[in-house]
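Here are my notes on the model, point by point.

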Amino acid sequence: MLLLALRNLTRRPLRNALTLSGLAVAVAVLACLSAFGQGYRSQLGSELDRMGMQVMLVPLGCPYDAAARVLKGKTLDNSLPASALTLAQHDPAVAVAAPLLMVALPRPSEGRTDMWVGLDRAALPLKPWWRMKSHVTPGSNWFPSDDSVILGAEAAVTEAREPGDKFYSPETGQTLRVAGVLERSGTSDDSLFFVPLATAQKMFHQPGRLTAIALRLRDPALISEATTRLQRIPGAQVVTLTEMMGTFLNLVGSVRTLLLAIAVLAVTISTLSVFNTLLAAVVERTGEFSIMRALGASRSQVFGLITIESLLLTGLGSACGMGLAAGLGYGFENIVKQWVPFAPSGSLLSLTSSVMLRCILISFGVGIGASLYPAWQASRLHPADAVKMD
Amino acid sequence: MAKTQRKFWYVGVGLLLSTALLVQWRSASRVPLTDFRVLPLRHHIEGASLCPWRQPEADLHAFFPTATRYDTQSPILSSLLVDIKERLGRWLTPDENPLYLHRVYRNQQPLGTILVRRVKGEYGAIEVVLAVDEQGKVRGLKLQRLREPEPIAQTLRSPHWLAAFEGQTADSHWRLGEAVPEVRAAAQPSAQAIVEGVRSSLILLDVIRHNKT
């Protein structure tokens, strides 16, 4: 029956070739869009990861007041309870929890404020932009000793410091050694002085005190449930980068809708195309099917023959479509990227085996769906129709 | 008939392949326009370390009590680099190149110039405010910011030591113990940095003044 179906397909080469081409293009579009959607989501997620923290845990009180106090060069009065760090670290959605002690030392006579940040190693994954220029600890982004300080790029220029220089804090009487200077990042880190958390707590006589915990989640999409849980930590409140997270979720949602709409269109067009081809074939071959029935072919055999023809057509179409997607996918990606808002840099096309398998299954589904009516029509033909045709 | 069908088949496949190749070529050859997402802020051009003048009114009042106004000039030094190198004994560093001269006036009459400069102290930056009269003599010196430990800061800010700069010119013997008094050992690196900063500023000003005349 397979051979018969194949032979039937080759009897109308032009029509079937055009249907096959249409199907191949539809499958290629479907594969590329699926791969693009998957790649877009994962790339956007990793770009968010590269931005550092997503959530901040701060002491109870108005977070805007806290921000204003820091900007005005006043120190924060509130502290986070010690249990907040442990609870945040144990939250299932939290990937990184970095404790921070931020101290602002106003220098009114100089019209400026020194901003000191004490942090521990957990903060490093939250600062992927940290590139430290240092001959003291080459290749490292961390403090070589407790009495060392890392300066932001702007802070190093303002203080005329280079790695290895001494750096004195007049307010605390502490002399530190500059371990390195950060490359300019365009973030607030550029103007900060970083010291190990324990050193900061000792310098400012605030043992065990934390003013904030910076958090990064395992998946940015978990923000809502994580926030709900973190809000329950006593003495702490959650400040999310709401705008960023909202934008992320909106973008992923709208891109998914856009891609789904195009995919549905492609599938519909290819289904109609296969349906049209098969229906035309059935109408043309009415006499042939009637004779088959007269010669003893059952209804199910005729039904099966049309279905197999359809599956062969869609199978070949899928194979060509996958080839097209693999060959032209990156060109297609460049075109689609122009329409997608805030498309991340780098390749978004992730043509994985699961994406290909899904597209092939959809294609076979299209084949079966499109063949149902023509196959039913063909199987309904009566053997007597063969006589009428003559 | 079969021949015609084969022709159609070839044309169809050919068209499809040409379209595919065209799309691929267009996409590959398109140069991406400036994309703010691909240009991280951290790659901004690094600015020069311009030292701000933190208290202009107080300093004007202290150094030029009769002054009524000041303006800021930024002379181009590129044509003077060889002269400056001869006088300084070294090339200008990138930090020194954008020079700001705060010219002080009593109405239309020029009274002098104020230069602000950041020098590298032993424990942090030291910001120097230098007032120079129209003859190129130091009128006064102020340390507007420093981060040295208290004993060193006291030495450097002592009126006796700062007053020693007054009346000096670009041609003075700019060494500790000569143009300005010696300081105790702990304060020497930072004192030397201040002396060198004042000398450089005076030479720059002198070269600019002579080239103007």
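This is a predicted model: local features need pLDDT of at least 70, side-chain atom pairs count only at pLDDT 80 or more; totals for chains, interfaces and linings use all residues.

1. Helices (H or I, at least four residues) and strands (E, at least two) are DSSP runs, numbered from the N terminus. E3(B) and E4(B) are antiparallel and share nine bridges; two strands count as paired if DSSP finds at least two bridges between them.

2. Side-chain values use heavy atoms, with hydrogens and water left out, residues are numbered from 1 along each chain as its sequence is written, and chains are lettered from A and ligands numbered from 1 in the order in which they are written.

3. E3(B) also pairs with strand E2 (residues 101-106) of chain B, in the antiparallel sense over five bridges. Arg103(B) has Thr113(B) in E3(B) as its bridge partner. Two residues lie between the strands in the hairpin of E2(B) and E3(B), where Asn107(B) takes a positive phi near 55°.

4. Buried means under 20% relative accessible area, exposed over 50%, and partly exposed in between (1.4 Å probe, protein chains only).

5. The largest nonpolar core has 44 residues, and Leu156(B), Trp161(B), Phe165(B), Ile194(B) and Val198(B) touch the most other members. Such a core is a set of buried Ala, Val, Leu, Ile, Met, Phe, Trp, Tyr and Cys residues joined through side-chain atoms within 4.5 Å. H6(B) gives the largest share, eleven residues. Beyond four places in sequence, Val198(B) touches residues including Val128(B), Leu141(B) and Trp174(B); contact means heavy atoms within 4.5 Å. A second, separate core of 37 residues includes Leu80(A), Phe167(A), Leu215(A) and Leu217(A).

6. In helix H1 (residues 2-10) of chain A, the buried residues are Ala5(A), Asn8(A) and Leu9(A). They lie on the same side of H1(A), because they cover an arc of only 100° around the axis, taken from the directions from the helix axis to the C-beta atoms. Leu3(A), Arg7(A) and Thr10(A), on the other side of H1(A), are exposed.

7. Glu166(B) sits in the loop between H5 and H6 of chain B and is partly exposed, at 45% relative accessible area. Outside four places in sequence, Glu166(B) contacts Val138(B), Arg139(B) and Gly140(B). The C-alpha atoms of Glu166(B) and Gly140(B) are 5.5 Å apart, although 26 residues separate them along the chain.
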